[in-house]
Amino acid sequence: MRLRDGLWLFLLLGAGLHVRAQTTAPAFTVVPLGVKGGLAENNLSAYLVAPAGATDYVCLDAGTVYSGVEKAVANKVFTGPTSNVVRTNIKAYLISHAHLDHVAGLLLNAPDDTPKSIYGLQNCLSTIQNDYFNWRAWPNFGSGGNPPAMGKYQLRELVPQQETAIEHTPLQVQAFALSHGKPYQSAAFLVRYQNSYLLYLGDTGADAVEQSHNLHAVWQAVQPLVKARQLKAIFIEASYPNEQPEKQLFGHLTPALLMQEMQHLSQLTGLAALRGLPVVVTHIKPTPGNEATIRQQLTEANKLQVKLIFPEQGQPLEF
């Protein structure tokens with residue numbers, strides 16, 4: 001840093017202004033395996049997360065797995081072959097809810113996968129075990145349910161807001177319940193590596209629309225991490241443009257509702273703490289023209305000056 005830059009920073013801090021520091025080394029690597037909210041079967045919600053420089057990943061949701069890894073291999077993120085990456089580099093799954101666009105990749109790859117754990121809230125795991133791994137919809141790769149249980153996957157229930165170690169990785173996770181349009185439940189995952197955190201939210205409606213306080217509970221939990229610059233990114237959905245009628249949101253967010261929730265977070269952290277915070281926009285419905293409209297609406301509404309990121313399948317991100 002040059003002397004005048006250091007003096008400028010000193011003066012800003014002395015004036016009571018907050019600057020989001022640019023860390024020289026990222027804490028996390030994220031590889032999006034799928035980023036869309038339905039329709040495109042080969043690009044559905046799934047994000048690999050590992051400490052920066054590590055090769056042992058946890059998969060946040062698993063709508064698309066093989067096709068996403070295939071794209072990442074083509075982009076030289078992994079050396080391949082694709083099947084080996086799926087089998088060996090993915091150490092566990094964190095599933096926010098059991099809708100098909102969040103679990104299809106996990107189910108389809110199960111016959112060739114290696115044993116590993118699936119983490120989620122009780123309601124999610126029950127659906128996976130009883131409605132998928134039941135010898136009717138799919139073979140029972142779980143450890144309970146209809147016999148014979150093959151036990152390839154250990155379904156590990158997360159207690160809300162209780163930190164749990166993720167097997168075969170150095171990561172920890174806390175889960176928070178979300179409302180995804182009554183009666184559906186989803187989850188947010190606060191992933192920790194040492195003193196750094198990522199927040200991934202599965203599908204969710206806004207508190208005002210869902211008549212819940214679930215998102216407020218998440219913001220309460222992460223606000224000290226935002227203030228301390230320990231929260232490196234928020235992954236949050238914007239499925240529909242603002243024109244979508246409220247009765248047809250089906251437990252999802254629009255750009256206006258997303259920014260409304262960011263405003264609620266800023267009331268807890270202060271405006272300056274959010275400035276420059278990476279907000280990764282997930283689950284955009286790939287209806288023609290939808291993405292361009294959502295991007296424009298988010299950009300125009302970004303009065304908080306968060307750093308909006310629109311992930312691309314197979315293109316790694318660092319935080």
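Keep in mind that this is a predicted model. Start by selecting Asp101, His102, Val103, Ala104, Gly105, Leu106, Leu107 and Asn109: these are the buried residues of helix H4. That makes eight of the ten residues in H4 (residues 100-109), so the helix is largely enclosed by the rest of the structure.

On one pairing, S4 and S5 run parallel and are joined by three bridges; click Leu94 and you'll find its bridge partner Tyr119 in S5. Tyr119 also has a bridge partner in S6, Arg156, where S5 and S6 pair in parallel over five bridges. Now trace the chain: S4, H4 and S5 make a right-handed β-α-β unit, and so do S5, H5 and S6.

Now jump to the open, mixed sheet of seven strands, ordered S7-S8-S9-S10-S11-S12-S13. Strands S7 (164-165) and S13 (307-309) sit at the edges with a single partner strand each, so one side of each has no neighbour in the sheet. Inside that order, zoom in on S9 (residues 185-193) and S10 (residues 196-201), an antiparallel pair with six bridges. Phe189 stands opposite Tyr200 in S10.

Last stop: select helix H8 (residues 255-269), which lies across S11 (231-237), S12 (278-282) and S13, at about 145° to S11.

Definitions and conventions. Residues are numbered from 1 along each chain as its sequence is written. This is a predicted model: local features need pLDDT of at least 70, side-chain atom pairs count only at pLDDT 80 or more; totals for chains, interfaces and linings use all residues. Side-chain values use heavy atoms; hydrogens and water are left out. Two strands pair if DSSP finds at least two bridges between them. Helices (H or I, at least four residues) and strands (E, at least two) are DSSP runs, numbered from the N terminus. Contact means heavy atoms within 4.5 Å. Axes are lines fitted to C-alpha atoms, for helices over the stretch in contact, and angles run from 0 to 180 degrees between N-to-C directions. Buried means under 20% relative accessible area, exposed over 50%, partly exposed in between (1.4 Å probe, protein chains only). A crossover is right-handed if, with the strands pointing away from the viewer, the path from the first strand over the helix to the second runs clockwise.
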